Amino acid sequence: MPFKDMLKRLREERGLSQDELARLTQLSKSTISMYENGNREPKFETLEVIADFFNVDMNTLLDKKQPIMVLTQQEETHIKKYRQLDADGRERVDYVLDMEHKLANERAEKEEQHLG
């Protein structure tokens with residue numbers, strides 16, 4: 001799906017008008033309109049703003065064949081909190097997440113060995 005269609009789809013799925021999206025992303029309504037009509041393509045920085053706003057990656061916006069990831073409310077809250085952290089805070093969260101992920105993988109491997 002081309003960017004213009006994806007932007008419109010994401011906006012409409014959230015029940016936003018072009019005016020509301022423009023206000024929430026600090027872009028102009030005419031810019032949103034031009035994107036959705038295919039008359040203009042966003043710069044990289046603007047793609048980042050739009051992707052962050054909709055909690056999707058830029059590959060999704062640019063039709064790179066990755067599905068839109070649907071997040072729970074709790075996951076969205078975690079992401080918003082993470083984005084507010086400074087570099088040290090993010091590093092600590094990343095470390096804990098990496099350790100928990102490693103432990104989960106080790107448990108799964110042990111379970112597979114036990115069952116296999």
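This is a predicted model: local features need pLDDT of at least 70, side-chain atom pairs count only at pLDDT 80 or more; totals for chains, interfaces and linings use all residues.
Good morning. I shall begin with the nonpolar core. The largest such core contains 15 residues. Phe3, Leu7, Ile50, Phe54 and Leu61 are the residues with the most contacts inside it. Four helices, namely α1 (3–13), α2 (18–25), α3 (29–37) and α4 (44–54), each contribute at least two residues to this core.

Let us take Leu7 as an example. Which residues does Leu7 touch, if we leave aside those up to four places away in sequence? They are Leu21, Ile32, Tyr35, Glu36, Ile50 and Phe54.

I now turn to the charged side chains. Side chains of opposite charge can pair when their charged atoms come close. How many salt bridges does the structure hold? There are six, and I shall discuss some of them.

In one of them, the side chain of Arg9 meets that of Glu13, with a distance of 2.9 Å from N to O. Both residues belong to helix α1 and stand four residues apart, about one turn of the helix. Arg9 has a relative accessibility of 35%, so it counts as partly exposed. Glu13 is likewise classed as partly exposed, because its value is 49%.

Glu13 also forms a salt bridge with Arg14, at 3.9 Å from N to O. Arg14 is partly exposed, at 38% relative accessibility. Through shared partners, the salt bridges link Arg9, Glu13 and Arg14 into one network.

A further salt bridge joins the side chains of Glu12 and Arg11, again given from N to O, at 3.9 Å. Are these two partners buried or exposed, or partly exposed? Glu12 is partly exposed, at 47% relative accessibility. Arg11, by contrast, counts as buried, because its relative accessibility is 8%, and the limit for buried is under 20%.

Finally, I come to a pair of helices. Helix α6 covers residues 73–84 and helix α7 covers residues 87–115. Their axes come within 8 Å and cross at roughly 135 degrees. That angle makes α6 oblique to α7, because only angles over 145 degrees count as roughly antiparallel and those from 65 to 115 as roughly perpendicular.

Which residues meet at this contact? Tyr82, Arg83 and Gln84 come from α6, while Arg90, Val93 and Asp94 come from α7. By type, the contact comprises two nonpolar residues, one polar residue and three charged residues.

Thank you for your attention.

Methods. Residues are numbered from 1 along each chain as its sequence is written. Side-chain values use heavy atoms; hydrogens and water are left out. A nonpolar core is a set of buried Ala, Val, Leu, Ile, Met, Phe, Trp, Tyr and Cys residues joined through side-chain atoms within 4.5 Å. Buried means under 20% relative accessible area, exposed over 50%, partly exposed in between (1.4 Å probe, protein chains only). Contact means heavy atoms within 4.5 Å. A salt bridge is a side-chain nitrogen of Lys or Arg within 4 Å of a carboxyl oxygen of Asp or Glu. Axes are lines fitted to C-alpha atoms, for helices over the stretch in contact, and angles run from 0 to 180 degrees between N-to-C directions. Angles under 35 degrees count as roughly parallel, over 145 as roughly antiparallel, 65 to 115 as roughly perpendicular and the rest as oblique. Ala, Val, Leu, Ile, Met, Phe, Trp, Tyr, Cys and Pro count as nonpolar, Asp, Glu, Lys and Arg as charged, and the others, Gly among them, as polar.
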